[in-house]
Amino acid sequence: MTLYFEDFPPGRFGSFGPRHVTREEMLAFAAEFDPQPMHLDEEAAKRSMLQGLAGSGWHLCAVVMRMMFDFYIGDTASLGSPGVSELKWLAPFRPGDDLTLEVEVAEARASRSRPSTGIVTFRCIVRNASGQALCDMTSPIIVKRRVAETAG
Amino acid sequence: MAFFEDLDIGQRREIGSYTFTAEAIKKFAAAFDPQRFHLDEEAGRNSLFGGLAASGWHVGSACMKLLVADGKRQAAEAIARGEKIAVWGPSPGFRDLRWIKPVLAGDTLHYATEIAAKRTSASRAEWGIVEARNTGTNQRGELAFSLLATAFVPRRSASS
């Protein structure tokens with residue numbers, strides 16, 4: 001079943017997970033895109049503000065994208081996203097974390113410039129197994145309207 | 001990398017370029033963002049992007065990659081001059097990230113960073129907080145990517 005703009009009324013959308021992230025995945029991402037010692041080297045990480053090995057914030061974003069895809073975006077008539085209004089990295093993302101995603105529709109509005117679409121703004125909070133929030137993101141996506149689809 | 005005291009508002013650095021090959025786009029997308037327009041040329045052509053398009057998270061991660069490489073170059077230069085090196089802290093986040101133009105297979109983005117704001121940290125005397133506007137401009141000179149990132153930057157006074 002495909003989800004359209006009309007399927008995203010403002011309010012709580014749902015929770016998804018857990019998604020386990022291994023140390024190997026964390027190190028592989030950091031080696032390619034964010035090779036700072038705090039993301040690659042245990043000893044350097046201990047001396048950093050993160051106080052221990054922690055994944056790249058961009059890796060966490062990428063994992064969140066994948067969780068959103070598996071949860072709902074993969075089944076949504078999504079046309080892509082214009083950006084991210086705000087993203088906060090609140091606590092370190094650790095090797096072996098089991099992540100859960102809470103999703104809320106912060107706003108849903110019809111597009112004026114493209115009437116067959118709407119803009120749905122999601123607020124996503126990622127937590128680790130102990131419930132600590134690691135990331136809080138607010139981002140719009142462009143979604144087709146069901147009416148436009150059935151009208152051909 | 002620079003210490004907090006050495007950064008001036010408006011100071012800009014070109015940090016390098018990254019070419020988004022079809023192979024790299026599909027590899028990133030398969031792992032993290034398997035929407036069809038990021039995985040398949042035909043689906044990309046039929047989308048709003050008009051071609052096989054890189055995931056926006058790939059575009060952001062490539063910017064991070066170049067920031068780290070640029071920081072390492074600056075550190076090596078500082079060591080060569082016999083100066084102390086500044087090790088930047090983690091980032092508390094970013095805002096106003098915009099994916100302005102599609103980044104299609106074969107595109108090269110030239111990334112730059114410009115200091116937008118700086119302030120001392122009330123709770124951490126040894127750190128300053130810097131906001132930088134990081135951008136990616138394609139080979140046609142079009143601004144394709146932009147975000148306002150925040151980072152903890154060490155203060156020279158605290159480390160000397």
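In the predicted model, A:E86 has B:R95 in β2(B) as its bridge partner. Helices (H or I, at least four residues) and strands (E, at least two) are DSSP runs, numbered from the N terminus. This bridge belongs to the antiparallel pairing of β3(A) with strand β2 (residues 93-99) of chain B, which extends over five bridges; two strands are said to pair if DSSP finds at least two bridges between them. Residues are numbered from 1 along each chain as its sequence is written, while chains are lettered from A and ligands numbered from 1 in the order in which they are written. As the model is a predicted one, local features need pLDDT of at least 70 and side-chain atom pairs count only at pLDDT 80 or more, whereas totals for chains, interfaces and linings use all residues.

Chain A contains five helices and six strands, arranged along the sequence in the pattern β-α-α-α-α-β-β-β-β-β-α. Its C-alpha trace spans about 60 × 30 × 25 Å along the principal axes. Of its 152 residues, 36% count as buried; a residue is buried if 20 or more other C-beta atoms, placed from the backbone, lie within 10 Å of its own, exposed if 12 or fewer, and partly exposed in between. Two residues are in contact if their C-beta atoms, placed from the backbone, lie within 7 Å. Among the contacts in chain A with a separation of 6 or more, 72% are between residues 24 or more positions apart.

The contact between the chains takes 27 residues from chain A and 25 residues from chain B. On the side of chain A, α4 (57-71), β2 (78-80) and β3 (83-89) each supply at least two residues. The residues of that side comprise 16 nonpolar, seven polar and four charged, where Ala, Val, Leu, Ile, Met, Phe, Trp, Tyr, Cys and Pro count as nonpolar, Asp, Glu, Lys and Arg as charged, and the others, Gly among them, as polar.

Helices also meet across the contact. The axes of α4(A) and helix α3 (residues 56-80) of chain B come within 10 Å and cross at roughly 170°; axes are lines fitted to C-alpha atoms, for helices over the stretch in contact, and angles run from 0 to 180 degrees between N-to-C directions. The two helices are therefore roughly antiparallel, a term for angles over 145 degrees. A:W58, A:C61, A:A62 and A:M65 in α4(A) meet B:W57, B:G60, B:S61 and B:M64 in α3(B), giving six nonpolar, two polar and no charged residues.

Helix α1 (residues 22-32) of chain B has the buried residues B:I25, B:F28, B:A29 and B:F32. Seen down the axis of α1(B), these fall within an arc of 100°, so they line one face of the helix; the arc is that of the directions from the helix axis to the C-beta atoms. The buried residues of α1(B) pack against α4 of chain A together with α3 of chain B, whereas the face turned away from the buried side carries the exposed residues B:E23 and B:A30.

Definitions and conventions:
Parallel < 35°, antiparallel > 145°, perpendicular 65-115°, else oblique.
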